[in-house]
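Colleague: I have the sequence and the model open side by side. Can you walk me through a few spots?

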Amino acid sequence: MAVKKAAQCGNVEDAIEKINDLNPEILDTNPQLFFQLQQQRLIELIRNGKVEEALEFAQEDLAPRAEENQSFLEELERTISLLAFEDTSNCPVGELLDISQRLKTASEVNAAVLTSQSHEKDPKLPSLLKMLIWAQNKLDKKAAYPCINDLSNARIEDPTF
């Protein structure tokens, strides 16, 4: 939760540190996720008006990775293009500065952390409830049994004979 919160708040360095504290292999084995975090860090530098620092970070940390991967290069170019616009609200890639971009990165981070801890990235409860409803529908045709009709309160109702 702390990792996800750090990413949602735009504190990428803290998120990376927390991920490495949890399991250093997460970022080592997932270059896409590491690049996304670094890209988000660049976006935060641009958002905060730290142009010189953003350019230096892009050149020293992101450019070498982008040379090895075409999709990384395209994303880096999109992100750097934010610097060409004074008014980023009218910029063709202005969505990178939206909070939704942070949330997307945080969601990817959360999924990777949960997967590394052998947890599923999607909650199990909704699928279990669907399975319960399906099983009860099948049983309704064959037998009387105690069933749960009110899922929100999980009250078991005895069959009426």
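Modeller: One term to start with: two residues are in contact when they have heavy atoms within 4.5 Å. Keep in mind that this is a predicted model.

Colleague: Fine. Which residues does Leu45 touch, leaving out those up to four places away in sequence?

Modeller: Leu45 touches Lys50, Glu53, Ala54 and Phe57.

Colleague: And where is Leu45 found?

Modeller: Leu45 sits in helix α4.

Colleague: Is Leu45 buried or exposed?

Modeller: Buried. The relative accessible area of Leu45 is 8%, and the cut-off for buried is under 20%.

Colleague: How far is Leu45 from Asp98, going by C-alpha atoms?

Modeller: Their C-alpha atoms are separated by 14 Å, and the two residues are 53 apart along the chain.

Colleague: New topic, charges. How many salt bridges are there?

Modeller: The count is seven. As background, side chains of opposite charge can pair when their charged atoms come close.

Colleague: Give me one. What does Glu44 pair with?

Modeller: Glu44 forms a salt bridge with Arg47, with 3.0 Å between the closest N and O atoms. Both belong to helix α4, which covers residues 31–47, and because they are three residues apart there, about one helical turn separates them.

Colleague: What about Glu44 and Arg102, how far apart are the closest N and O atoms?

Modeller: They are 2.8 Å apart, and this pair is a salt bridge too. Arg102 has 13% relative accessibility, so Arg102 counts as buried.

Colleague: Which residues do shared partners join into one network?

Modeller: Glu44, Arg47 and Arg102, through salt bridges that share partners.

Colleague: Now the strands. In what sense do β1 and β2 pair?

Modeller: Antiparallel, over three bridges. One example is Asp150, whose bridge partner in β2 is Arg155.

Colleague: How many residues lie between the strands of that hairpin?

Modeller: Four, and in this hairpin Ala154 takes a positive phi near 55°. Leu151 also lies in the loop between β1 (147–150) and β2 (155–157).

Colleague: Which nonpolar surface patch includes Leu151?

Modeller: A patch of about 510 Å², made by Leu125, Leu128, Leu129, Met131, Ile133 and Leu151. Leu151 has 31% relative accessibility and counts as partly exposed.

Colleague: Last one. What does the UniProt annotation "domain: CTLH" cover?

Modeller: According to that unreviewed entry, residues 1–53. In the model, that span is 79% helix and 0% strand, and its end C-alpha atoms lie 29 Å apart.

Conventions:
Residues numbered from 1 in each chain as written. Predicted model: local features only at pLDDT ≥ 70, side-chain atom pairs only at ≥ 80, totals over all residues. Heavy atoms only, no water. UniProt positions renumbered as here; feature names shortened; annotations may be inferred. Helix = DSSP H or I, 4+ residues; strand = E, 2+ residues; numbered from the N terminus. Salt bridge = Lys/Arg side-chain N within 4 Å of Asp/Glu carboxyl O. Buried < 20%, exposed > 50% of the residue type's maximum accessible area, 1.4 Å probe, protein only. Patch = residues over 30% accessible without salt bridge, like charges linked within 9 Å, V, L, I, M, F, W, Y side chains within 5 Å. Areas by Shrake-Rupley, 256 points an atom, 1.4 Å probe, with all protein chains shown as cover. Pairing = 2+ DSSP bridges.
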